Amino acid sequence: VNFKTDSKLEQILAAGHLAVTSECGPPRGSDPEVITRKGQLLKDHVDAVNVTDNQTSVTRLSSLAACIHLKLMGVEPVLQMVTRDRNRIALQSDILGAASFDINNILCLSGDHQVFGDCPDGQNVFDLDSMQLLQTVRHMRDNGKFISGDDIKRPPRMFVGAAANPFAEPFKIRVPRLAKKIAAGAEFIQTQCIYNLERFEAWMSGVRDRGLHEKVYILAGVTPMKSLGMARYMKKNVPGMDVPDELISRLAGVPKEKQAEEGITICLETIARLKEIKGVSGFHIMAIEWEEKVPEIVERAGLFPRPKISSE
Amino acid sequence: MIVGQQKPLEEIWMMIRDMRKVLVLGCNSCVAVCHQGGTKQAEILASLLRMHATQAGVAVELDVMGIERQCEHEFFKPAMDAVAGADAVLSLACGVGVQFMAEKFHTTPVYPALNTTFLGAVERPGYFTEKCQACGNCVLAATGGICPVARCAKRLLNGPCGGVSNGKCEINNELDCAWHLIVERLEALGRLDDYEKLFPLKDWSKDRAGGPRTFKIEGFLP
């Protein structure tokens with residue numbers, strides 16, 4: 001097989017393995033140890049680690065710098081890049097900067113609105129949207145050109161991903177929106193956290209009806225609930241999140257000190273059910289500020305050890 | 001039309017309190033429609049400022065008048081003497097009118113009584129909504145007549161973000177999600193398939209990014 005990139009994630013997916021990715025949020029400070037500690041926790045149990053880009057619009061250490069820290073310690077990073085804060089000059093520049101460190105995966109996002117973060121009075125950029133960023137990275141990689149049409153010396157070789165939220169409204173465009181992201185250049189998808197399995201299955205059925213699962217690798221997103229409070233918060237306050245009442249009452253039915261354990265159990269049951277869905281190519285495990293639980297989830301879900309690829 | 005909102009009285013007072021003779025000048029086009037900048041509002045504002053001056057023990061003479069538009073030379077004729085006789089003008093026009101006056105009357109201070117807020121419509125009496133950002137490169141043909149540049153908080157050109165719930169924007173649950181409206185409208189027009197057409201990178205050089213814009217009709221007047 002000829003790969004357009006040196007991405008380990010791409011090679012694992014292409015070999016037909018269920019891929020496992022996780023996530024690492026950079027610190028609100030310049031201590032690299034916060035990143036390397038999370039990297040060390042995840043290193044042997046996942047194929048790649050996403051690094052969020054000023055998530056929820058709260059200013060943090062840059063995604064690119066954190067990706068470099070991970071890369072240097074032998075962890076495969078997925079550079080998350082939002083279009084909220086940078087125009088097309090800065091986006092292309094950071095893509096090249098990442099490529100210079102052989103960061104081989106990028107996740108193209110629009111980004112949360114700045115009103116949710118620590119600079120609600122700031123300007124937003126949105127020169128491009130997430131679809132246009134996908135097109136831009138693919139153009140840079142496949143055609144070796146900048147947006148301007150000028151040649152790039154040593155183009156970036158990145159495996160290009162996008163997010164999908166099967167639960168957001170309007171529902172009638174959820175499958176078309178995935179098709180549009182694929183048309184824009186997405187090669188892998190990481191979904192929003194899945195709690196409503198019936199709705200996710202309905203979405204996947206629509207995805208398969210159009211054969212989209214054969215055009216893109218879909219990594220199903222899961223986030224273990226740490227507590228009843230977290231579940232309630234996500235249901236009520238996180239836009240686009242679908243947390244069914246049954247899950248809330250299940251957590252409410254166990255004593256407080258057992259809720260975290262129950263959250264892990266629910267997460268494992270979810271993964272087991274997702275494994276049965278045709279078109280699911282892997283899992284994106286987002287344990288928010290609970291990274292230490294990822295190895296346990298991966299092992300108990302039967303996803304360990306991770307496959308080795310030949311170039312390693 | 002252009003919508004504006006009067007600034008807080010205290011802020012206006014701070015601008016003019018050192019002046020002895022101020023012309024409070026209404027603008028009777030756009031900003032009069034939204035009940036903020038017409039002659040009537042100029043009179044009310046002047047009364048409030050007079051009370052403020054009395055309380056502060058400061059003598060400020062406030063004259064009031066209004067003209068049709070403060071953004072066109074021909075409407076200024078009736079106001080020329082009043083402007084000439086004033087230490088300063090407190091303009092209730094939009095930012096266009098204030099600047100037009102500042103250029104026209106080079107040695108007279110002109111202060112803004114309004115914050116110019118947006119280009120909008122009169123949704124119903126007393127309720128105004130933003131519809132256009134004058135981006136200079138209209139996209140409405142592709143989006144069913146609903147503008148994502150002006151009405152999406154992220155000005156996304158290819159569809160809604162994940163934050164929409166119940167058809168409302170994540171930043172304010174009283175705000176319609178522009179893309180929700182666009183999708184509904186495309187469906188009503190029998191064009192839902194058009195949603196999948198990728199909108200190319202936008203040419204923002206026609207927008208503010210390209211610097212101040214001008215428009216000249218060739219051969220219109222000598």
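This is a short chat about one residue and one chain interface in a predicted model.

Reader: Hi! What should I know before we start?
Author: The model is predicted, so local features need pLDDT of at least 70 and side-chain atom pairs count only at pLDDT 80 or more, while totals for chains, interfaces and linings use all residues. Residues are numbered from 1 along each chain as its sequence is written, chains are lettered from A and ligands numbered from 1 in the order in which they are written, and side-chain values use heavy atoms, with hydrogens and water left out.

Reader: Great. Is Thr21(A) buried or exposed?
Author: Thr21(A) is buried, at a relative accessible area of 0%; buried means under 20%, exposed over 50%, partly exposed in between (1.4 Å probe, protein chains only).

Reader: New topic: how many residue pairs are in polar contact between chain A and chain B?
Author: There are 21, with both residues at pLDDT 80 or more.

Reader: How many salt bridges cross that interface?
Author: Three. Each has a side-chain nitrogen of Lys or Arg within 4 Å of a carboxyl oxygen of Asp or Glu. One joins Lys172(A) and Glu184(B), at 3.1 Å from N to O.

Reader: How many residues are in contact there?
Author: 34 of chain A with 30 of chain B, where contact means heavy atoms within 4.5 Å.

Note on methods
A polar contact is a pair of N or O atoms within 3.5 Å; within protein, one must be able to donate a hydrogen and the other to accept it, and residues adjacent in sequence count only if both atoms are side-chain atoms.
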